[in-house]
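Hi,

Here is the structure I promised to pass on. Have a look, and my notes follow below.

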Amino acid sequence: MVTIYGIKNCDTMKKARSWLESKKIAHHFHDYKAAGIDKATLEGWVKKVGWEVLVNRAGTTFRKLSDADKADITEKKAVALMLAHPSLIKRPVLNAEGKLTVGFKPEEYRTLFE
């Protein structure tokens, strides 16, 4: 099963979901802003790709964090911040049969599915 994680109104999410739909790839969408994300799932992602890949430092949510929150980020602190502010998680996160992809790059999706 393919699961794509992200936020419903994100433009990058819309592109990724449209790509999956255009290729007729069945998938489940998990809106982690509405439904949240559990700690075990997030920690599993961190083990696979690293917290540095998952934290969206370019977004407004990160910019709105206090200087103390932005300083000296460790894996533990990053996980806590992403759990408290799911919008900090870079999107989309695509889990295709255990293979995790962060961000949308059509060429990476093609490699996974074609």
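Helices here are DSSP runs of H or I with at least four residues, numbered from the N terminus (strands are E runs of at least two). Ala-68 sits in one of them, α5 (residues 67–70). Ala-68 counts as exposed because its relative accessibility is 56% (exposed is over 50%, buried under 20%, partly exposed in between, with a 1.4 Å probe and protein chains only).

Before you read on: this is a predicted model, where local features need pLDDT of at least 70, side-chain atom pairs count only at pLDDT 80 or more, and totals for chains, interfaces and linings use all residues. Residues are numbered from 1 along each chain as its sequence is written, and side-chain values use heavy atoms, leaving out hydrogens and water.

Now the aromatics. Searching the whole structure turns up 5 aromatic pairs (ring centres of Phe, Tyr or Trp, the latter by its six-membered ring, within 6.5 Å; planes under 30 degrees apart are stacked, over 60 edge-to-face, the rest tilted). One of them is Trp-19 with Tyr-109, edge-to-face at 5.5 Å centre to centre and 85 degrees between the planes. That pair links distant parts of the chain, with Trp-19 in α1 (residues 11–22) and Tyr-109 in α7 (residues 106–113), 90 residues apart. Both Trp-19 and Tyr-109 are buried. Tyr-109 also pairs edge-to-face with Phe-104, at 4.8 Å and 85 degrees, and Phe-104 is buried too. Together with Phe-113, Trp-19, Phe-104 and Tyr-109 make up one aromatic cluster.

Cheers
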